[in-house]
Amino acid sequence: MEHYYYCCSSTGRMMQQGGRITTVAARLSAASAASSPRFFCKLAAGVATSSKSLHNLSSSSISSSSSSSSVRCSAASSSAVTEQEVPAASVRPVIRRVGRGSKLVGCGSAVPTNIISNDDLSKVVDTSDEWIAVRTGIRNRHVLAEGETVTSLSVEASKKALEMANVNPEDIDLLLLCTSTPDDLFGSAPQVQKELGCCNALAFDLTAACSGFVLGLITASRFIKGGGYENVLVIGADALSRYVDWMDRGTCILFGDAAGALVLQAVGDDQDSLLGFNLRSDGGGQKHLHVRVDNVPDTSHNGAATNGTKTNGTVIKLPARASYDCLQMNGKEVFRFAVRAVPQVIEAALQEAGLTGANLDWLLLHQANQRILDSVSQRLEIPTDKVISNLCNYGNTSAASIPLALDEAVRSGLVQPGHIVATAGFGAGLTWGSAIVRWS
Ligand code: ACO
């Protein structure tokens, strides 16, 4: 029997040793007697839908267990704000059809204006353009400039995706913001929703580091398949520049900031653009890549009285106020994990789709390191001219990297209607997964 776990938390990283989501969920699973958990993720608004479990349920049980109206009720019921501030509930009828497919109808992306080159970094740490380019393929990365945020990039990317999809903001009924670096610990999706005018949408964050977009894509498709949702906006956005130690040459060379967005639309099951998928996680690998909570030493009067121990300023023993440590990574281990695990999930997703590597038009991996892209494509025997790569210009943009690269490939005419693309995300948690999709 298969088991599924969801950790609904806005403070997941506050658990000791917590890699924000997946590790919390993984620790829960480790503490339970259940075996072989399949998929862990954290949903910031406390709303969960199962990917495989919805996939496997019968139509009637989906209708009763995953009602979109109950989801909307929970989002609207807890407000302490005045009535004028609460948007009117949607009056559009929800026709709860199940078993439908998802079509990819629009994409968009946005990057910060501030560009940092390898030469710029070599003035700060002991490195060189040559070392970074040879070991990673990266030459430039964009990082947030003043006034730019994860929310503003997400809004810009989403506007472009909505325009391409020819979908009005008010017709979006679900907005998923896949990010590990929200502007607000409680989640930034509702702010993106507000800025876009998606007044009929439920919006919440989903956190799974560099796998976030693939997990968000599958989650969105399950809401369409089992929840009666029509138009879903999935955004991958991250600003790891806020968590990188810019004096650590082992990590600061890799990351950049960006956002990418995709609009999914409900279609008949026979037109489903999601052909197969496979998602995995393993909290045991969290030690190799994490941004952990770092309790802030108490400098208040009461704190001083505690002789240096960390408190929150009270005499009662309570949790200390927390901030986050810088990103810590064992690059070699993450590299080994990626080149071993990513081909496996792609092959599993291809098998579910009834396809082989020969059927693929494009391989679109999370843009972490050119050597990882090369190694995975070699293992899958996919020629290099079918591998989408733009990390030279942006570095590793975490959850944004796949939709950013997809958007560039679609707008430049590389990816054409009907093309089959194998996507795969991998990263902290550890989490990894693949989705085989057909571009509309
Ligand atoms: N410039 C110059 N020298 C460097 C630099 C640098 N920026 N960084 C490390 N070195 C040195 C090291 O000190 C070491 O020197 P030594 O041999 O004298 O000890 C030497 O270069 C080799 O270092 P390695 O760490 O072995 O280099 P490696 O070839 O493994 O490349 C890298 C390091 C680029 C980090 C690589 O391991 C990698 O890309 N790993 C995958 C990381 C990844 O994809 N992470 C993101 C996952 S996504 C997410 O969820 C956030």
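Predicted model: local features only at pLDDT ≥ 70, side-chain atom pairs only at ≥ 80, totals over all residues.
Asparagine 231 belongs to strand β8, which covers residues 231-239. Its partner strand, β9, covers residues 257-267. How do β8 and β9 pair, parallel or antiparallel? They are antiparallel, and nine bridges hold the pairing.

Now look at the strand β6, residues 174-178. β6 and β8 run parallel, with five bridges joining them. Here is one you can find on screen: cysteine 178 has glycine 236 of β8 as its bridge partner.

So much for the pairing. Is β8 buried or exposed? Nine of its nine residues are buried, so the rest of the structure largely encloses this strand. Check the two faces. Asn231, Leu233, Ile235, Ala237 and Ala239 point one way. Val232, Val234, Gly236 and Asp238 point the other way. Both sets are buried.

Next, the ligand. How many residues are around it? There are 27, and the ones that come nearest are Thr127, Arg135, Cys210, Lys332 and Asn369.

Threonine 127 has a side-chain N or O atom 2.7 Å from a nitrogen atom of the ligand. For arginine 135, a polar side-chain atom lies 2.7 Å from a ligand oxygen. Arginine 371 also has a side-chain N or O atom by a ligand oxygen, and that distance is 3.1 Å. How much of the ligand does the protein cover? On its own the ligand has 1000 Å² of accessible area, and the protein covers 75% of that.

Which elements supply the shell? Four of them give two or more residues each: α6 (129-136), α11 (331-353), α12 (370-379) and β16 (420-427). The largest share comes from α11, with four residues. By class, the shell has 14 nonpolar residues, eight polar and five charged.

On to some single residues. First, valine 155, in helix α7, residues 150-165. Its relative accessibility is 8%, so valine 155 counts as buried. Skip the neighbours within four places in sequence, and valine 155 is in contact with Val192, Glu195 and Leu196. Now compare sequence and space. Alanine 259 is 104 residues from valine 155 along the sequence, yet the C-alpha atoms are 8.7 Å apart.

Find it in strand β11, residues 289-290. Histidine 290 has a relative accessible area of 11%, which means it is buried. Leaving out residues up to four places away in sequence, histidine 290 touches Cys326, Leu327 and Gln328. Glycine 429 is 139 residues away along the chain, but its C-alpha is 7.6 Å from that of histidine 290.

Stay on glycine 429 for a moment. The peptide bond between glycine 429 and leucine 430 is cis, with omega at about -10°. Leucine 430 sits in the loop between β16 and β17 (431-438). Why stop for this? Because most peptide bonds are trans, and most residues other than glycine have a negative phi.

That second point brings up two more residues. Alanine 209 has a positive phi, near 50°. Find alanine 209 in the loop between β7 (202-207) and α9 (212-227). Glutamate 381 has a positive phi too, about 55°. Its loop lies between α12 and α13 (391-394). Which of the two is buried, and which is exposed? Alanine 209 is buried, at 12% relative accessibility. Glutamate 381 is exposed, at 71%.

Last stop: serine 401, in helix α14, residues 401-411. Serine 401 is buried, because its relative accessibility is 1%, and the cut-off for buried is under 20%. What does its side chain reach? The backbone nitrogen of glutamine 367, at 3.0 Å. Beyond its neighbours within four places in sequence, serine 401 is in contact with His366 and Gln367.

To finish, go back to the start.

Methods. Residues numbered from 1 in each chain as written. Heavy atoms only, no water. Buried < 20%, exposed > 50% of the residue type's maximum accessible area, 1.4 Å probe, protein only. Contact = heavy atoms within 4.5 Å. Near = heavy atom within 4 Å. Polar contact = N/O pair within 3.5 Å; in protein donor to acceptor, adjacent residues only side chain to side chain. Areas by Shrake-Rupley, 256 points an atom, 1.4 Å probe, with all protein chains shown as cover. Nonpolar A, V, L, I, M, F, W, Y, C, P; charged D, E, K, R; others polar. Pairing = 2+ DSSP bridges.
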